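Hi,

Here is the structure I promised to pass on. Please open it alongside this note, and my findings follow below.

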Amino acid sequence: MFNSLSDRLTATFKNLRGRGRLSEADIDATVREIRRALLDADVAVPVVRQFTAAVRERALGAEVSGALNPAQQVVKIVNDELVGILGGQTRSLQLAKTPPTVIMLAGLQGAGKTTLAGKLALALKEQGHTPLLVAADLQRPNAVTQLSVVAERAGVPVFAPHPGNTSDHDMADGALVGDPVGVARDGVAEARTKQHDIVIVDTAGRLGVDELLMQQAADIRSAITPDEVLFVIDAMIGQDAVTTANAFAEGVDFTGVVLSKLDGDARGGAALSVAKVTGRPIMFASTGEKLTDFEVFHPDRMASRILDMGDVLTLIEQAEKAFDADEAEKMAAKVAGGEDFTLSDFLVQMQQMKKLGSMKKMLGMMPGMAQMRDQLENFDEREVDRVQALIQSMTPAERDNPKIINGSRRARIARGAGQTTAAVNGLLDRFAQAQKMMRQMAKGGGMPGMPGGGM
Ligand code: GDP
């Protein structure tokens, strides 16, 4: 699922790698590629429009960040916006104050409602709940039997009308048979009597959006006043997802969305539009035919998955935290203002690097961070202590203006730090390089990033 979208976005970001500051034209080109990737993945047009506008605006005004290069900043922005269209925060089931919590399932026929009923029941049972399944789908031949089968597999009881009500013969002319509203109401009453703390009501689907069945679902909703109405949607249905979701939002209204068949390899972008278009959160994902192929939907994790980043973003955020933004900004302002980058600044940078170095192992797991990973791999944390000792052995005047450090000063500094003169020379060489780099960056208007490699 989302594989081609994922590949396209990753390729777009790859083009940005290794760039310094991004120009407006760079950002526009990137945004255009993102737009195409989303449209090709079937994400609804208005959603794409809002999404790309937000990314463009934020990328243009991108916050100065010491820990992230421009490409990483764009990835972070795209990620944040993706999390946004996927509904932001993880939304868990709202349990009723006085049980039973009533959950109603709605959606097109074949969306995966019955399967989901079993999955949800199993997951809830494993959490210590005592769910009851109610078969109020009297429309589809075999729906009741099918629900009984999943209930048995999940090891939860099912409340169903008499089999006589649902024979194929009754369906012959497609009329609604039995009394699904009555069954739903009785099912909830049964849950109350038998002290089930959760009751899941499976309702009839429809092949397309059908007035009569929509009315039936609305009637069931009024009769049982559910705590949650979950709209189950097949992630593979393409652009129809938005129309269908809107029809259900209007006809029945729902409190949350379940994406089913996320294991398929369709483009799936339409499913991504549903939360944004209806303003209802995606709560669960169904990812296969087995009852255990079921997960709570985490917008942030899904976004990372789409961006093919594993948990990279969490790591980037930690890196950002470790890298003191105030220090980075102070230094940027200083260098940009034509002031010289001093040995004291160099020390601060090394210390920042050390903080990041303690995350070396975690950073090592990050794809796309190869450059930083190599730097950190070669980074010896004890080196920071050695540099610190040398710099502390200098006078303030020497720190501000290393040019005055002649032979006798070098010997004194080395002695004070308990190191060799060669170590002092090495530090001053590296510092001269860093200073040169800083001057170049100041000229180009760029941000000082990580201290140069080779440490
Ligand atoms: P309902 O009509 O909404 O109750 O849909 P069903 O639960 O009967 O599902 C329709 C078909 O989709 C069945 O063949 C299910 O096995 C299949 N199905 C349901 N959920 C998933 C899923 O997450 N992944 C896959 N691959 N198939 C699913």
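I'll begin with a helix, α11, where Gly269, Ala270, Ala271, Leu272, Ser273, Val274, Ala275 and Thr278 are buried. "Buried" here means that 20 or more other C-beta atoms lie within 10 Å of the residue's own, with C-beta atoms placed from the backbone (12 or fewer would be exposed, and anything in between partly exposed). Just after α11, Gly279 takes a positive phi of about 70°.

Two notes on reading the model. Residues are numbered from 1 along each chain as its sequence is written. The model is predicted: local features need pLDDT of at least 70, side-chain atom pairs count only at pLDDT 80 or more, and totals for chains, interfaces and linings use all residues. Helices (H or I, at least four residues) and strands (E, at least two) are DSSP runs, numbered from the N terminus.

**The sheet**

Eight strands form an open sheet in the order β3-β2-β4-β1-β5-β6-β7-β8, with mixed pairing. The edges are β3 (158-159) and β8 (294-296); each has a single partner strand, so one side of each lacks a neighbour in the sheet. Two strands count as paired if DSSP finds at least two bridges between them.

Strand β4 (residues 198-203) is joined to β1 (residues 101-106) by five bridges, and the two run parallel. Met104 has Val201 as its bridge partner in β4, while the partner of Thr101 there is Ile198. Six of the six residues of β4 are buried, so the strand is largely enclosed by the rest of the structure. Ile198, Ile200 and Asp202 lie on one side, and Val199, Val201 and Thr203 on the other.

Strand β6 (residues 256-260) is also mostly covered, with five of its five residues buried. Gly256, Val258 and Ser260 point one way, and Val257 and Leu259 the other way. Five bridges link β6 in parallel to β5 (residues 228-234), where Phe231 has Val257 as its bridge partner. Three bridges link β6 to β7 (residues 282-286), also parallel, and Val258 stands opposite Phe284 in β7.

**The ligand**

Which residues come nearest to the ligand? Of the 17 around it, they are Gly112, Lys113, Thr114, Thr115 and Ser286. A residue is near if its C-beta atom, placed from the backbone, lies within 6 Å of the molecule. Helix α5 (residues 113-126) gives the largest share of the shell, three residues. By class, the shell has one nonpolar, eleven polar and five charged residues. Ala, Val, Leu, Ile, Met, Phe, Trp, Tyr, Cys and Pro count as nonpolar, Asp, Glu, Lys and Arg as charged, and the others, Gly among them, as polar.

Happy browsing, and write back with any questions.

Best wishes
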